[in-house]
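This report describes selected contacts in one protein model.

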Amino acid sequence: MAVASPISSFVFFVFFSFFLIPATLSIAFESPETFIVHVSRSDKPTIFTTHRHWFSSIIASLPPSHHPSKLLYTYQRSIHVFSASLTAAQAKELRRISGVLSVIPDRVRHIHTTRTPHFLGLTDSFGLWPNSDYADDVIIGVLDSGIWPERPCFSDTGISPTGPNFPESSCNRKIIGARAYYRGYEAGLGKPMDEIKSPRDTEGHGTHTASTAAGSVVANASFYQYAKGEARGMAFKARIAAYKICWSSGCYDSDILAAMDQAITDGVHVISLSVGDTDQAPLYDHDSIAIGAFRAVEHGVLVSCSAGIPVPIRTLPPTSLPGFSRSFPADVILGDGRIFGGVSLYSGDPLGETKLPLVNAEDCGSKYCYSGELNSSKVAGKLVLCDRGGNARVEKGIAVNLAGGAGMIIANLADSGEELIADAHLIPATMVGQTAGDKIRDYIGSDSSPTATIAFKGTVVGTSPSAPRVAAFSSRGPNYLTAEILKPDVIAPGVNILAGWTGYTGPTDLDIDTRRVNFNIISGTSISCPHVSGLAALLRKAYPKWTPAAIKSALMTTAYNVDNTGKSIIDIATGERSTPLVHGAGHVEPNKALDPGLVYDMGVGDYVAFLCAIGYDSRRIAVFVRDPAMVDCGALSFGSPGNLNYPSFSVVFDTNNRVVKYKRVVKNVGSLIDVVYEVKVSDHPPGVEVSVSPSKLVFSIENQTLSYEITFSSVELERVGDATVSISKSAFGSIEWTDGVHVVRSPIAVEWREDSK
């Protein structure tokens with residue numbers, strides 16, 4: 001594929017081999033690992049003309065090993081880093097070399113997916129779409145599994161010309177660049193990979209996220225008979241630069257960092273990164289995505305990531321079930337006449353009205369329906385109830401089919417509750433919630449001849465009982481690295497989303513699935529991310545001088561936290577009302593973000609001060625900054641990390657600290673220069689007194705930026721009204737600044753701990 005702009009990336013994998021050999025020989029036979037090495041830019045000896053020459057010399061100076069050391073990437077365009085394949089002994093020696101700031105093992109991460117514009121209130125008539133010209137000429141860098149450029153959602157019809165330096169033969173006006181990064185991935189494998197070494201998407205996920213963020217308008221889009229209508233991405237006139245960083249076994253930090261480095265150089269305005277970590281997040285200076293995001297913000301680039309990585313620099317959206325009046329019902333009808341609601345995207349021949357014998361997979365050899373473990377003599381010709389979990393949902397149906405089963409019902413267990421995910425099953429199948437599943441199991445166990453069928457109803461448009469709701473799989477707080485920063489930031493649609501799909505594999509991404517589709521419907525936290533990325537691109541077009549922090553602030557302070565019934569948004573994982581630890585500031589509301597009134601702005605210096613506040617010294621901070629002169633914690637530090645000018649508040653009390661004070665600075669971005677905002681505590685966190693000083697902000701032509709202090713005081717922990725408040729309890733609330741037109745809301749999360757940390 002032609003390349004409009006250069007692009008690059010980075011990887012992590014650790015492989016240990018232990019041998020019973022003398023210690024004097026152990027170094028020679030150590031298995032290599034990939035390490036990411038941060039260096040001080042100013043320490044480069046003058047005899048080296050480039051940093052790459054310096055890096056190569058450093059590698060060559062290390063003790064020899066059985067496996068030759070290898071330089072994988074140099075990140076000198078915007079980040080002074082390199083990655084190399086080294087033994088553990090070589091890495092230890094490398095840490096002793098002057099100018100080397102840190103040596104971090106590479107880390108593997110994984111991918112976390114027509115009516116969402118309507119649900120979000122986006123319309124051609126008013127609001128964010130027309131006022132941002134649909135993000136025309138804004139570039140979104142999508143770091144994912146690549147892209148399938150021939151799909152109609154990547155048509156450049158209606159997109160403005162790219163300029164004289166980019167001929168039409170290079171990609172098109174929609175996809176203006178594409179590259180692949182796999183050096184770290186191959187180093188992790190320990191051998192050349194057998195996958196296609198190009199930006200072409202062989203997984204589907206990258207095509208889906210790219211088209212969700214910036215897909216062009218496509219009429220009559222659908223997945224078979226499901227979700228028919230006009231499809232368009234959030235910022236459908238934005239351009240796409242695709243950076244393939246994810247392969248069949250994961251996405252490595254070394255490749256991710258290289259892609260971020262190149263995306264910054266390419267001049268993207270937004271980076272969309274839908275990958276995450278199953279482990280607890282590493283420290284900030286050991287987190288390559290955090291370091292890359294810092295450098296991106298330094299260049300005015302907003303980074304939108306799937307939730308799960310608690311970094312204050314990035315915008316992190318967890319997932320909501322939009323409840324946008326569209327569902328794919330596939331109901332279970334039992335032999336006794338009871339009907340239980342389910343969902344499915346099965347597109348083959350229906351079962352019909354005749355009911356089939358119904359069995360519980362647990363009685364047939366495998367309650368999770370593992371392939372090869374079901375007893376065909378008990379399953380053949382029957383409808384099989386399988387428990388959710390253990391293996392992929394669609395794979396369960398394949399196992400049932402191989403055993404001769406006629407269809408399948410997947411029943412949620414307690415960890416998934418009532419969350420329903422529609423899948424493109426290969427056999428007649430549906431999914432039901434935990435309550436329905438328990439009743440179906442009871443029916444099977446109590447009836448001598450249980451029967452059932454599944455009624456597939458296609459796409460149903462109507463009113464959801466409560467919307468939106470937070471998906472059970474959505475990432476949640478608290479922030480384990482820095483409790484004083486509330487995470488997640490916002491929630492956005494991420495369940496049953498229709499978007500473009502690769503032509504390489506079927507909609508289930510299974511080898512047995514021979515179907516090929518232009519569009520697919522999938523779900524995941526990674527699918528909420530491109531929604532926010534597209535919205536950020538729209539705001540970037542509407543306000544080209546806004547910083548990434550200002551854009552984030554606009555999305556957060558205008559988000560809503562109640563559903564269409566006027567009550568707090570439901571968390572499907574618990575069935576209870578969600579809190580800011582689940583929904584952050586709330587669900588994004590794009591048209592209100594166009595006119596937020598006030599923004600909480602930040603620059604690079606604020607993030608450096610934050611690092612000072614959490615105890616980082618100049619050496620650790622040097623991993624992030626280009627100019628060591630910026631690192632003066634004595635001058636920069638603002639005390640508590642909670643003083644970072646974030647649009648939310650996270651308060652930690654302990655037995656020695658019963659009063660917490662934070663300072664915030666807000667900037668007037670409304671149409672009126674002379675305006676007065678007054679504050680109110682709209683939702684008091686139980687057990688906490690909240691006061692704000694001053695309670696009124698008077699903006700004028702001389703003062704468009706003003707500050708305030710907010711004080712949180714813990715009342716007696718033994719009694720609060722008629723309730724007892726115990727140590728380690730959490731409480732939640734919010735404050736609102738309003739001028740009578742705008743409402744600038746910030747959530748509050750409070751935690752009581754036994755000891756200070």
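## A polar contact between two helices

In this predicted model, the side chains of Ser 526 and His 205 are joined by a polar contact of 2.7 Å. Ser 526 belongs to helix H13, which covers residues 525–542. Ser 526 has 0% relative accessibility and therefore counts as buried.

## How H7 and H13 pack

Two packed helices are described by the angle between their axes and the distance between the axes. For helix H7 (residues 205–214) and H13, the angle is about 35 degrees and the axes are 7 Å apart. The crossing of H7 with H13 is right-handed.

On the H7 side, the residues in contact are His 205, His 208, Thr 209, Thr 212 and Ala 213; they meet Ser 526, Ile 527, Pro 530, His 531 and Gly 534 in H13. Sorted by class, this contact has 7 polar, 3 nonpolar and no charged residues.

## Aromatic pairs

The model has 21 aromatic pairs. One of them is edge-to-face, because the rings of Trp 129 and Phe 236 have planes at 85 degrees, with centres 5.2 Å apart. Trp 129 is in helix H5 (residues 128–131) and Phe 236 in the loop between strands S9 (226–231) and S10 (239–244), so the pair ties together parts 107 residues apart in sequence. Trp 129 counts as buried at 1% relative accessibility, and Phe 236 counts as buried at 8%.

Phe 236 also pairs with Tyr 134: the ring centres are 4.6 Å apart and the planes are at 35 degrees, so this pair is tilted. Tyr 134 lies in the loop between H5 and strand S6 (139–144), 102 residues from Phe 236, and is likewise buried.

Elsewhere, ring pairs link Tyr 182, Tyr 185, Trp 247 and Tyr 252 into a cluster.

Note on methods:
Residues numbered from 1 in each chain as written. Predicted model: local features only at pLDDT ≥ 70, side-chain atom pairs only at ≥ 80, totals over all residues. Heavy atoms only, no water. Helix = DSSP H or I, 4+ residues; strand = E, 2+ residues; numbered from the N terminus. Buried < 20%, exposed > 50% of the residue type's maximum accessible area, 1.4 Å probe, protein only. Polar contact = N/O pair within 3.5 Å; in protein donor to acceptor, adjacent residues only side chain to side chain. Axes fitted to C-alpha atoms, helices over the stretch in contact; angles between N-to-C directions. Left-handed = near helix turned anticlockwise from the far one by under 90°. Contact = heavy atoms within 4.5 Å. Nonpolar A, V, L, I, M, F, W, Y, C, P; charged D, E, K, R; others polar. Phe/Tyr/Trp six-rings, centres within 6.5 Å; stacked < 30°, edge-to-face > 60°.
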